[in-house]
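Here is a walk through one protein model, from a pair of strands to the chain as a whole. Please keep the sequence and the structure in view while reading.

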Amino acid sequence: MSHSHQRENNNPITCPHFTSRPTRIISLTTTMPAERAGYTVTMFLIDTSPSMGKLRTVQLPPGPNNEERTSEITRLEWALQFVKLKIQEMIYNGRKTDQCGVIVFGSEDTNNIINEQNGGYENVSDYIPIAQPNAATLSKLDALKATDIYGDPLDAIIVGIHTQAVHLASKKTWTRKIVLITDGESPIELEDWEATVDKMNSLNVSMTIVGVDFDSENFGYVEANKTEMKKTNEAFFHEFISKVDNGIVGTCEEALQETARPDIKQTKSALMGTLLRLGDVDTKADEAFELVVKTSKCTAMSRPKSWKKFAVRETNPRESSQDEDAEIDMEDDKAETAKVAYAQLKMRSEYYVEQGGEADAEDDVKMEDDDEILLDKRKGKDKEVRLPSEEENTPHLEKVEREELIRGFKYGTTYAPCPDGQFPRLNTRKGIDICGFFLAKNFRRELSMGEIQYVWADPNSAKQQAAFSSIVQAMYEKDAIAIARWVTKDGMDCKMGVLTPVVRDEVDCLLWAQMPFADDVRKYTFASLDHLVNKKGEVLTEHPFIPTEEQLDAMDNFVDAMDLMDAGDKDEEGNRTPWFDTLESYNPSVHRTKQAMFHCAVVSDLSANPLPPPHPELLKYFDTPKRVLKRSRDALEECKNVLKVKQVPKKVARTRKDGHALAQDEDDNLLLEGKEPSLHHDMSQIQISEAPSPDNVKAKASVENSETEEEDEEEELLLDKVKKRATSPSAAPRKNQPLPTPARSMSPEIDPGRAPDRIIGSTYPLADFKKNIAQGDVVTKAVEDLAAVIIEIAMRPFSSRRHTELIECMQFLRETALLEDEIDAWNAFLVNLKDKCTFEPGNQEFWSEVKGVGRGLSLISNKEAKQNGGTSKVSESGSINFFS
């Protein structure tokens, strides 16, 4: 693609620049603004003229046998792939401030804001109004077909500018973009097109024209047998873009290729204020100082998007309206006629206490991988908690609600119960405290962990900047770094890390890198590789394990030959550059996953249009440079000869009489990973397991007679997802006794519908509320949970069948809030319920019934609260007029 204008600064700003010279702060902040993410409205103008219905041949990825494959699709379908990929990017980011709209020209009908007001601008239709895009947006684009009517692209541009301007009337700081998709075969009315350009420049609208089979010098494409109409229109589009302050025109094939290019998000990090301290500023103020500083992110970890599991919904959606855990995939465009096709699968946890058997107190407890566990806090319930198996009878298992459990943290070989859910925090104070300094050469780089943060001087104080700069300069000159303790907020856990000085031409700053605590670092000792002692205590100088000088030299030559610092291309002066550049290296798991998700979203048939190969930039560093391979070939052969490297033949597995062979392959060994810990536990320990949802697939049958049973009969083989457990934890291990097969947990007769961390369920909310109120110590939590449950039930489909029940809940909740001094909670709940019910999609029917009850369900006024010994911020008139 060719740009009409080059921006003054194409390098995105990753961090703010401050300096100890305040006179330069203004110029820096005004000349290098960072563009905020989102806050953008993009208008896609799509040509549906008859020429867009012509077929074209598209190259597909090679087949299974590396054969070439092609497919014929229309120009419109091919160009829409670019539009859908751009919209899918917005959906992927999930920003509410990233909006788009679609206008088609060449449509059979006319529907646009200018035509409604002044007429004209025929065959231009506002196909998708401006909003945050979703899956329905892509579905509507798939329904677009070429028509028999030609449309004027200039009319579409004018309608797009006006529609965008009306939508952003009060949002002048938002970014405005227009993308025109056309093949250039439609006639254009060229009268006063300069006025359109002037309007775009005045509104700061950026323009992108994606042409189907447009000529491109940069991409090296020239269309053969081009019509005169298309030649004229292409020339006009180039002239049009040359007048736009921020415009670009290119061919569709190049645009599709660029959408697959890996990109790194560079966003502006918000500055967070904190304090930098050295010494005790409270008791020894003369020997200490405290500076106001700002922190911002230098690097941020990027992870591939997580996958969710969906299954075809087998039951009628009307019969399963009570299912609050299912997230429904709406296929129809309108919510009122939406058809439920898929439901997301989620895990549900259930806890059981084993009533039978006693744990062996003499056996050590083998810890699980979890750092914390849930312990049964009921009186006298010191039992092992585990899953019921499939074949064993389970009358001795008692279900335990999550609210009856407490958290426990692993401490050595035991679990330390924590009734409050969290141990008392340190009395920490917000700020970065410098604990000491040491030379940078003594810093162990492997201890640096997590993301890097900038530490800047206060941009509003020249005195603070000068003091901060002097610290950085002193550390830089001494080649020293500081070890510091960072607390983000008063009372929060502290982090330990190092502060490294960075001196630049215009700014001095510090880089923060977090380091682990001493308890988090495991130290292992190994025998020396070059210092061997025999049984007599004599130090050996010659041994097969000790390398000779010849072997050391050969390995040094091999390592030197693999040097990548001079394996890159030559620069302008003819010198070799480094082969690897971290700024041009991309994470394949992030970008390939993103490419696969985008492709599946815009392609209806994956078998006919499979996933294309990765972008070449993603594979740039996959192969070793040929220069290094050629240079290291001789050194590698020398190492093989000197070190006497020989290929070891693969050991054949010994076949047992019963036909079971011990796994030898590397992949097969994965089946033997992880053994079930001993089932003999100390009486003070309780093991918690999570039961899968009853909808999950049953576990497969276990595999027995493994050779590992001969080595340790108390440990068992884990194969895939199969777990075998002993019937009783106190029973002695017995040979050749088959272990029970795990099964799905016993489903309760009625699911209370209790969400995690809630004490009120959605099945019987009023009964749960009364039960908890009777306890007397969870009133606030019960009021909060019942209010949330009422709103959730009211917002569900088909909630009308429970309106009477919800009214009863609200009446009892109001009475309780009045007597228990939870008046503010009731008033806040009622305001929230009104907002939820009166706005789309809402529940106007239920709110009408609430209004019908009248004053008995209105806000609690100050007069009414005083009668019961409480206070309220709502006046009596405000309470009466709340439903009006």
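In this predicted model, Pro-501 stands opposite Leu-510 in strand E24. The two strands concerned are E23, residues 495–503, and E24, residues 508–515. They run antiparallel and are joined by eight bridges. With four residues between them, E23 and E24 form a hairpin.

E24 also pairs with strand E21, which covers residues 449–457. This pairing is antiparallel too and extends over five bridges. One of its positions links Ile-452 to Ala-513, its bridge partner in E24. How enclosed is E24 by the rest of the structure? Six of its eight residues are buried, so the strand is largely enclosed.

A helix gives another view of burial. In H4, which spans residues 135–142, the residues Thr-137, Leu-138 and Leu-141 are buried. Around the helix axis they cover an arc of only 95 degrees, which means that they lie on the same side of H4. What do these buried residues pack against? Their partners are the strands E2 (40–47), E5 (98–105) and E6 (124–131), together with the helices H2 (75–93) and H11 (588–602). At the N-terminal end, H4 is capped by Asn-134, with a side-chain oxygen 3.0 Å from the backbone nitrogen of Ala-136.

The protein chain as a whole has 20 helices and 28 strands. Of its 884 residues, 39% are buried. Among contacts with a separation of 6 or more, 71% are between residues 24 or more positions apart. The chain exposes about 53100 Å², and carbon and sulfur atoms supply 50% of that area.

Notes:
Residues are numbered from 1 along each chain as its sequence is written. This is a predicted model: local features need pLDDT of at least 70, side-chain atom pairs count only at pLDDT 80 or more; totals for chains, interfaces and linings use all residues. Side-chain values use heavy atoms; hydrogens and water are left out. Buried means under 20% relative accessible area, exposed over 50%, partly exposed in between (1.4 Å probe, protein chains only). The arc is that of the directions from the helix axis to the C-beta atoms. Contact means heavy atoms within 4.5 Å. A polar contact is a pair of N or O atoms within 3.5 Å; within protein, one must be able to donate a hydrogen and the other to accept it, and residues adjacent in sequence count only if both atoms are side-chain atoms. Accessible areas come from the Shrake-Rupley method with a 1.4 Å probe; for residues, only the protein chains shown count as cover. Two strands pair if DSSP finds at least two bridges between them.
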